[in-house]
Amino acid sequence: MIPELEKFKGFSAKRLPKEEGLASGHRGCQGCGEVLALRMVMKALGKDVIVCSATGCMEIITSPYPQSAWNVPWIHVAFENAAAVASGVESALKVLRRKGKLPKKHIDVVAVGGDGATGDIGLQWISGAFERGHDMVYVCLDNEAYMNTGVQRSGCTPYGAMTTTSPPGKKSIGQVTWKKNIPQIMVAHNIPYVATASPAYYLDLMNKIKKAAMVNGPAYVHIYSPCPTGWGSRGEKSVEYARLAVETKVFPLYEVIEGKYIVSRKITKPKPVSEYLKGQRRFRHLTEENIAYIQKRVDEEYEKILRLAELT
Amino acid sequence: MAKRVGIEVSIAIAEAVKLAQAEVVAAYPITPQTHIVEHLSELVADGELDAEFIPVESEHAALSTCCGSVAAGARTYTATSSQGLMLMSEVLYVASGMRLPIVMTVANRALSAPISIWNDHQDIMTQRDCGWIQTFAENGQEAVDLTLHAFRVAEDRKVSLPMIVNIDGFTLSHVIEPIELPDQADVDRYLPPFKPKYKLDPKKPISMGPVGIPEVYTEARMAHDQAIKNAKRWIIKAWDEFEEVFGRRYNPVEEYRTEDAEIVLVTMGSISETAMTAVDKMRDEGKKVGLLKIRLWRPFPGPEFRKAAKGAKVLAVVDRTLAPGASSGPVGEELRTVFYKVPGAPKIFNFIAGLGGRDVTVERFEEMVDKAASYAKKRPKELYEVIGVREK
Amino acid sequence: MAVQDAIIGWKTITHGCHVLEPGSTRHFKTGDWRSMRPVVDKEKCIKCGMCYIFCPDMCYSQTEEGYYEANMDYCKGCGICANECPKDAITMVPEEEE
């Protein structure tokens, strides 16, 4: 166990931090599950934080000049490089503190990116930052496609999903590849903390963010972020889908602390994936056969996590 | 006392960065920039420079990291070349637009294809419009002095723009020259600690890098353009102060034997040294030839150049970049614009020379001067000419 | 309107386009995006705060009596609060109806 985590008791529903890192008036869509997740992330982090955003929905909707939704210091440089920008911020704080130019007080450095910024275009920058061991948290808000540019497929788009660049047709079922497993790639960097989270389980999400911030060195939290606009789902259902993804084993919640897998929520009576897929326009073209395949693969992937938890 | 030592120019630049007390250095190795960052990593490893040396995974990450560190309030330095500069190109524009005062050395090198590690100016000319202040060094002493000057200017709150010091790859970066390394006390007198007006600070949260809708984008670009143009007076003032502290004088455009010169060569960077030798030779032969060396490339010192070129009948402008399909080289174009419809303006002829490490010899400069003289009588077909190119 | 806010001259635009006022999107009222509004039935409300924690627009705040109220200046009418309320105490009603 990591010593800095031992004292952490966790947040409680009764005593949530009042402070908001983000202000109302941001331009997020109705029912945006991503900004909801981001709100929870910021609530867990508090005031002593510097946020480095990748280009994407969250960057656009929070920074319409001359306004900003951010109540904490925030920087956006480009799409792929949030982890490198965070490396620079963290290194600056380190050297300035050492030289007595900054108070000793700890400031969390957090990079935030979508699934495209994290798993596709920005993967190298994160890999570099993690390999170098910067004390930072990288948060991926995964809404499973390039939503900001108009719902194009990413490496994190799930199998079978319809996007504007993975359209189903006579010769295609939509996205033909299985969702890229970004958390596992991060685990391979041997960083002290990796976790997956869902805004439906808000205390779990906030606790994981807090732990990620508390550990020394790089930490990664992958957050499932429903997007009603891109998924063709109803805005009021965003938290419901975030919950269903966990209950159907589509998005398993777990932590990897110093290489040890811990399943956060073991799903003993899973709901069928069909329950998760229905009501999302991106999946409505799928046949029974397609859904059966997805069910089989989801079960297999979930088993892998359980086995890793046993092994480690 | 400042000491004069025989030292490789790259090492001397690293020593200048140490004298400037840079706090974050993020860099990725690329020939011919490597010796600068190797030496900096040594200085940090030996505890001679109290800085974070970040060995990043690419040039794009190098400059991205620099954006983060300078925004958080640390004095920041990087160096690159050629393909590396191209890879970080996206971030160059962001850094200047966000007014982040990073200092960077570019060891100028050719661009692929074919791949070439040798010197010309094709890398930096692709970044002509990136909104950074840019100077060119001619020798090792200048490389050191301009590095200190760059920190002084970039971090000045009245400027607050990133700055590139260009040095020619190999022909300057890898040569050993006698260089006077300034005293720490003098450098401290010249270069105050970095105190940015705005930085990332939880005590006073600001947002950097927001979205600019069409209603605001033009104004943002205009503000940037005015900022770099206004920077010229602070660039010159910082050279005035440099002279007071260190006794060496720098100007936006340097003149060499231009008094009564009819034909004036125009150069940038280390070939200026050969050009001076060529001018001396031609002067000895009685030819009225002079030389103008562009030290400040961005913002371009138009009025200073016109003043320096006063009286010249012909300008033989050397570009070390071939811009395929363009009307002429970038320096040639710049000067034609600067002299457009100016009464008594000299005739301008543009020569492309010294690509991909090819030497520009004294003879080549003589050839350019002779050609410019004859073109002044009979206009050539093309607006530029590639010097020393073989046909078969 | 954001567009009017952005009518700024080049001489007055901030340094590097930095936004100096934190949380300044609060000057932009997103309430007019709404076609449905949440109505809370205090009889059913158990003050659990699920509406507060699941609101993507930070609309809800607690009153002195412990109930939660949505700020209609910002509520976009997404209906997550109504969907997540464990006691079905929140109903989404069309805006034109009183």
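This is a predicted model: local features need pLDDT of at least 70, side-chain atom pairs count only at pLDDT 80 or more; totals for chains, interfaces and linings use all residues.
View 1. On the side of domain 1 of chain B, Arg128(B), Glu138(B) and Lys232(B) supply 29% of the area buried against domain 2, which is more than any other three residues supply.

**View 2. Salt bridges and polar contacts between the domains of chain B.** Between domain 1 of chain B and domain 2 of chain B there are 5 salt bridges, and there are also 16 residue pairs in polar contact, with both residues at pLDDT 80 or more. In one salt bridge the side chain of Lys232(B) meets that of Glu304(B), with a distance of 2.9 Å from N to O.

**View 3. Ile235(B), a buried residue in helix 9 of chain B.** Ile235(B) is found in helix 9 of chain B, and this residue is buried, since its relative accessible area is 0% and a residue counts as buried when that value is under 20%. Leaving aside neighbours within four places in sequence, Ile235(B) is in contact with Ile133(B), His149(B), Val153(B), Leu296(B) and Pro299(B). As a guide to distance in this view, Ile235(B) and Asp120(B) are 115 residues apart in sequence and 25 Å apart in space, from C-alpha to C-alpha.

**View 4. The interface of chain B and chain A.** Here 39 residues of chain B are in contact with 42 residues of chain A, and the area buried between the two chains is about 3,100 Å², of which carbon and sulfur atoms give 61%. Across the interface of chain B and chain A there are 6 salt bridges, and 16 residue pairs are in polar contact, with both residues at pLDDT 80 or more. In one of the salt bridges, the side chains of Arg132(A) and Glu57(B) meet at 2.8 Å, N to O. Strand 3 (52-55), helix 3, helix 5 (89-97) and strand 9 (207-208) of chain B each supply at least two residues of the side that touches chain A, and the largest share of that side, 8 residues, comes from helix 3 of chain B. The residues of the side of chain B that touches chain A divide into 21 nonpolar, 10 polar and 8 charged.

**View 5. Thr65(B), a buried residue in helix 3 of chain B.** Thr65(B) is found in helix 3 of chain B, which covers residues 59-71, and this residue is buried, with a relative accessible area of 0%. Leaving aside neighbours within four places in sequence, Thr65(B) is in contact with Ala84(A), Val85(A), Ser87(A) and Gly88(A) in chain A, and with Ala26(B), Ile54(B) and Val56(B) in chain B.

**View 6. The interface of chain A and chain C.** The contact takes 39 residues from chain A and 36 residues from chain C, and about 3,000 Å² is buried between them, with carbon and sulfur atoms giving 58% of this area. In chain A, Ser24(A), Arg39(A) and Tyr65(A) lose the most area to chain C, and together they account for 24% of what that side buries. The count between chain A and chain C is 1 salt bridge, and Arg243(A) forms a salt bridge with Glu84(C), in which the closest N and O atoms are 2.6 Å apart. Helix 2 (33-45) and helix 10 (238-247) of chain A each supply at least two residues of the side that touches chain C, and helix 2 of chain A gives the most, with 5 residues.

Technical notes. Residues are numbered from 1 along each chain as its sequence is written. Chains are lettered from A and ligands numbered from 1 in the order in which they are written. Side-chain values use heavy atoms; hydrogens and water are left out. Buried area is the accessible area (1.4 Å probe) that two parts lose on being put together, summed over both. A salt bridge is a side-chain nitrogen of Lys or Arg within 4 Å of a carboxyl oxygen of Asp or Glu. A polar contact is a pair of N or O atoms within 3.5 Å; within protein, one must be able to donate a hydrogen and the other to accept it, and residues adjacent in sequence count only if both atoms are side-chain atoms. Contact means heavy atoms within 4.5 Å. Helices (H or I, at least four residues) and strands (E, at least two) are DSSP runs, numbered from the N terminus. Buried means under 20% relative accessible area, exposed over 50%, partly exposed in between (1.4 Å probe, protein chains only). Ala, Val, Leu, Ile, Met, Phe, Trp, Tyr, Cys and Pro count as nonpolar, Asp, Glu, Lys and Arg as charged, and the others, Gly among them, as polar.
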